[in-house]
Amino acid sequence: MAAPVEVCHVACCANRVGGGVVSWGQRGVLAFGSCCDVILYEPAARRVVAVFRGHTDRVNCVRWVRRRDGAVETQLISGGSDKQLILWEWNGMGTWNIQLAKSIPLKGHTEAVCAVDAVYQSDESDLNLLVASAASDSTVRIWSWQGSEVKCLQILQFGNGFVMDVCLSFLPGSNVPILACGGDDCKINLFIQQDGQFQKTLILPGHEDCIRSIEWAVCGEDLFLASCAQDCLIRIWKVCTKLKQFPETEDDSIRLKENVFTVKDTVTTYAITLESVLAGHENWVYAVHWQPSFFKDGSMQQPMRILSASMDKTVILWAPDEESGVWLEEVRVGEVGGNTLGFFDCQFSPDGSMIVAHAFHGALHLWKQTAVNKKEWTPEVMISGHFNSVEDVKWDPEGEFIISVGSDQTTRLFAPWKRKHETEVTWHEIARPQVHGYDMRCLAMIGRFQFVSGADEKVLRVFRAPKNFVENFSNITGIPMGTLRYHQSPGLPEGATVPALGLSNKAVFEGDMAIQPVEDEETFNTISNQYPEIHFQPLILTEPPPEDHLLQHTLWPEIQKLYGHGYEIFCVACNNSNTVIASACKLFLETGIGHCGRNKTHQSQDQFSVAVHTQTKLQLFTIESFGLVIGHQIASILLLAVGTKRSLFGASVTYLGLLNGICWIQSSLVQQCWMLEILLRQLVSAMCLLLMEDTLLQ
């Protein structure tokens, strides 16, 4: 009977797209797009509960379909670059998982889908669901879903324009749907459904650059619309009935301009006015969201708070002043330092006690409101992972952690978090040893807390864990320091930092972190004091670090570079005894051998060259090397290679096909070398006949 296998950790992050790829549901489940999948993550439990796979290209937008009565959502909709929408329906039993969810594709767009929204046209979930989607084909499609039937009701054409966000709601005091579309024309287009068709009713000007996000909120008998744009501003609009807005008076008081419209077949007239303009961000504002409404005292209550995310590396929580009613900045959180470029999106938790932000590099930041001070928000542990393809992953020699590299130019280390008085163990990213300037391609563990990595450059870089990491590793994983026996090494640095315009992690020792006293304000205002060279600050952690700490304070110092390759490296491996490193590069495939013994020196020992005309991935499988152990004199060296041309050859043979793999022969086979030689000769003869046949056929 096969042993049961279960997933204990998923490392991923949100896709690098504009706002809309993250959505937080009433059940407390955070949904976001990661590559071609939709990830469901529970921040409270710190675990991934489900992975929905149905898209064939990148997921660009995800949205929970909220119930009008505030009940838990049972449907989720996503759109991707595969030109389709997928409606995920849950049967309401148990937890969200791919086995209990039914997927319904909505196809029709001719380009990538970039925004989506959906509303129920009744409090009953089995009634008609209205869906609006925007795509790069300059259209907005209106879909209707009822039961198992899905159909496209209408296609709104925008010519050469591009709609970046859509949002659906209902006019105050009615069931008449209203659709807001914001795009690159700097205007908000409002469509009202009349006679079963959406008709353009009003255009709201005001923004001076592309509109990135819009969202409706129902507050009592009024409807509010929040919008943000690349002009760094947020605008709040108010929709209400004409009789309630601006009663007729005979005075000459100053009033805001109102846009009035009437819905067909009704006597109700509606007015839209600009409620407020919020200026606080210093760069493009990518997302704006209202705090979710909740059911209380028999009705839905809408908190008057909004959250905005910007490329100025900040997320701002806005709320109106209790006395004057003027919208003011209440809380500002964000990133400080690091190689980041701001935020794409943000979301409130269902109760408003937590906020999550989606950073430019895909990282998800989580902040929680403290119980003592409501204006203080602290960072929390959040799921993390590579935001681009993972190129290589290796286990620690002791099996206590894993380390990976990706084309997002980072090296990441994941380890189990063992909490006291809790039996559940969860895995988290606890260090980012290398943040490089080239895409990472490969790595190999060469000892306890030591590894060598290769990127799209000609140099291999060797790293060793600093003292601060080992201490935090012990605290988080629960492994005693005495068992690690690593912190006792003399001369161990505290951490590492990357100099300005540099690619090498520079070791930081205890004496380098001495704080220089600031004598006066003039001295503090000098550039050297505002931007110190040493950014690393050691911290003792008992839980996985947040994203801000991972970016700057978990680097490992680079202890050596290995030169020799003439082209970009894409594969490296080390033998089991951690004495030999083998590496390979693109195009002219050179397998270089380096020694990494206890003397901590790495020297180039030998080199084998194989001409490869196709750039491809090479995987080195290392056992104990035969003919490549330093100091041994062995007459013959056997290099095995298997490729598409079905040939097997010695090290001196030029191979012209697609090379798929190389491995070292185990040293125990030395005594059987004569048998291998006979077998090799027979195989080469057979392969030569096949090659001759291929040549004749060509």
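Buried here means under 20% relative accessible area. I noted that cut-off before opening this predicted model, since I kept going back to it.

**Entry: Arg305 and its partner**
I looked up Arg305 and got a relative accessible area of 15%, so Arg305 is buried. Its side chain meets that of Glu330 in a salt bridge, 3.3 Å from N to O. Arg305 sits in the loop between β24 (299-301) and β25 (306-310), while Glu330 is in strand β27 (residues 327-334), so the pair ties together parts that are 25 residues apart in sequence. Glu330 has 33% relative accessibility and therefore counts as partly exposed.

**Entry: other salt bridges**
How many salt bridges does the structure hold? I got 21. One I picked out joins Glu42 and Arg47, with the closest N and O atoms 3.7 Å apart. Both ends came out partly exposed: Glu42 at 21% relative accessibility, Arg47 with a relative accessible area of 37%.

Next I went to Arg432 and Glu547, whose side chains meet in a salt bridge at 2.9 Å, N to O. Arg432 belongs to strand β35 (residues 425-435) and Glu547 to helix α5 (residues 547-552), so this pair ties together parts that are 115 residues apart in sequence. Are Arg432 and Glu547 buried or exposed? I found both buried. They also belong to one network with Asp408, Arg412 and Glu429, joined by salt bridges that share partners.

**Entry: strands around β21**
I followed strand β21 (residues 269-279) and found nine bridges to β19 (residues 233-241), with the two strands running antiparallel. Within that pairing I checked Cys240, and its bridge partner in β21 is Ala271. Strand β20 (residues 258-262) pairs with β21 too, over five bridges and again in the antiparallel sense. Here I looked up Phe261, whose bridge partner in β21 is Tyr270.

**Entry: positive phi**
Most residues other than glycine have a negative phi. I wrote down two with a positive value. Cys186 has phi near 70° and lies in the loop between β14 (177-183) and β15 (188-194). Asp195 has phi near 55°, and its place is in the loop between β15 and β16 (197-204). At 56% relative accessibility, Asp195 counts as exposed.

**Entry: Gly362**
Last, I checked Gly362, in the loop between β29 (354-359) and β30 (364-369). Its relative accessibility is 0%, so I put it down as buried. What is Gly362 in contact with, leaving aside its neighbours within four places in sequence? I found Cys13, Ala14, Arg16 and Phe387.

Methods: Residues numbered from 1 in each chain as written. Predicted model: local features only at pLDDT ≥ 70, side-chain atom pairs only at ≥ 80, totals over all residues. Heavy atoms only, no water. Helix = DSSP H or I, 4+ residues; strand = E, 2+ residues; numbered from the N terminus. Buried < 20%, exposed > 50% of the residue type's maximum accessible area, 1.4 Å probe, protein only. Contact = heavy atoms within 4.5 Å. Pairing = 2+ DSSP bridges. Salt bridge = Lys/Arg side-chain N within 4 Å of Asp/Glu carboxyl O.
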